[in-house]
Amino acid sequence: MAEKRPLGVGLLGVGLIGSRVASLLLEQATADALGRPIELRKALVRRLDAPRDVALPEGVLTSDFTDVLDDDGIDVVVEVMGGEQPAADYLTRLLSKGTSVVTANKEAVSKHGPALRAAPKAPPNTPTCRGVGISVGRV
Ligand SMILES: NC(=O)c1ccc[n+]([C@@H]2O[C@H](COP(=O)([O-])OP(=O)(O)OC[C@H]3O[C@@H](n4cnc5c(N)ncnc54)[C@H](OP(=O)(O)O)[C@@H]3O)[C@@H](O)[C@H]2O)c1
């Protein structure tokens, strides 16, 4: 049987939460649970030279949001950078492009829910609350 295409993932933020998310995405057990390979393609940070709690593959780390936005191999973006802006703007631009997004950012969702919902390609149920986290988009 042919190998399934990897799920392309982008990450906004590699801090306390983001480095743990990245570690999980890089673990084989996560792909096994998903039933499909996972490729962490880009991870956005402010400071490229800051120490990280996770070793990312070469070329993944970036400080340029358009590297994430313009990567057509990214199916879903996990936003764990926090703060109202630029996070809300980034989420709106990703949803407008049709990229699925998941966010832990309660501030951005609570203050910008209408703009996120109104993004041209956002699914009709945007945003949705799931458990203790908040996810936005077609996941
Ligand atoms: N910490 C918790 O216990 C917890 C619990 C539940 C939910 N959350 C939510 O999870 C999210 C992340 O929290 P955290 O504690 O992981 O935050 P954090 O440790 O401060 O990490 C934030 C990350 O985002 C990057 N970042 C921030 N602003 C940026 C910008 N303008 N451009 C590019 N990169 C930027 C930072 O880059 P640098 O590393 O280069 O500075 C860092 O990697 C927040 O929405 C928070 O509310 C956190």
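This note goes through the fold, the sheet, the core and the ligand shell of a predicted model.

1. **Basis.** Local features are described only where pLDDT is at least 70, and side-chain atom pairs only at pLDDT 80 or more, while totals for chains, interfaces and linings use all residues. Residues are numbered from 1 along each chain as its sequence is written.

2. **Overall layout.** The chain has five helices and seven strands. Both are DSSP runs numbered from the N terminus: helices are H or I with at least four residues, strands are E with at least two. In sequence order the pattern reads β-α-α-β-β-α-β-α-β-α-β-β. Of the 139 residues, 33% count as buried. Buried means 20 or more other C-beta atoms within 10 Å of the residue's own; exposed means 12 or fewer, partly exposed lies in between, and C-beta atoms are placed from the backbone. Among contacts between residues at least 6 apart in sequence, 62% join residues at least 24 apart. A contact requires C-beta atoms, placed from the backbone, within 7 Å.

3. **Strand β1 and its partners.** β1 covers residues 7–12 and pairs with β2 (residues 38–44) in the parallel sense, over six bridges. Two strands pair if DSSP finds at least two bridges between them. Val 9 faces Leu 40 across this pairing. β1 also pairs with β4 (residues 76–79), again parallel, over four bridges. Here Gly 10 stands opposite Val 77, and Leu 12 opposite Glu 79.

4. **From β4 to β5.** These two strands pair in the parallel sense over four bridges. Val 77 has Val 101 of β5 as its bridge partner. The chain runs from β4 through α4 to β5, a right-handed β-α-β crossover. Right-handed means that, with the strands pointing away from the viewer, the path from the first strand over the helix to the second runs clockwise.

5. **Helix α4.** This helix spans residues 87–97, and its buried residues include Ala 87, Tyr 90, Leu 91 and Leu 94. Gly 98 follows α4 with a positive phi, near 100°.

6. **The core.** The largest nonpolar core holds 31 residues, with Leu 11, Leu 12 and Leu 91 making the most contacts inside it. β1, α1, β2, β4, α4, β5 (100–103) and α5 (106–118) each supply at least two of its residues. α4 gives the most, with six. Such a core is a set of buried Ala, Val, Leu, Ile, Met, Phe, Trp, Tyr and Cys residues joined through C-beta atoms within 7 Å.

7. **Leu 11 and Leu 12.** Leu 11 lies in β1. Leu 11 counts as buried because 27 other C-beta atoms lie within 10 Å. Beyond four places in sequence, its contacts include Gly 18, Val 21, Ala 22, Leu 40 and Val 78. The C-alpha atoms of Leu 11 and Val 21 are 8.5 Å apart, with the two residues ten apart along the chain. With neighbours within four places again left out, Leu 12 contacts Leu 44, Val 68, Tyr 90 and Met 81, among others.

8. **Ligand shell.** Of the 18 residues around the ligand, Gly 13, Gly 15, Ile 17, Met 81 and Gly 82 come nearest. A residue belongs here if its C-beta atom, placed from the backbone, lies within 6 Å of the molecule. Helix α1 (residues 16–26) gives the most to this shell, with three residues. By class the shell has ten nonpolar, six polar and two charged residues. Nonpolar covers Ala, Val, Leu, Ile, Met, Phe, Trp, Tyr, Cys and Pro; charged covers Asp, Glu, Lys and Arg; the others, Gly among them, are polar.

Conventions. Two residues are in contact if their C-beta atoms, placed from the backbone, lie within 7 Å.
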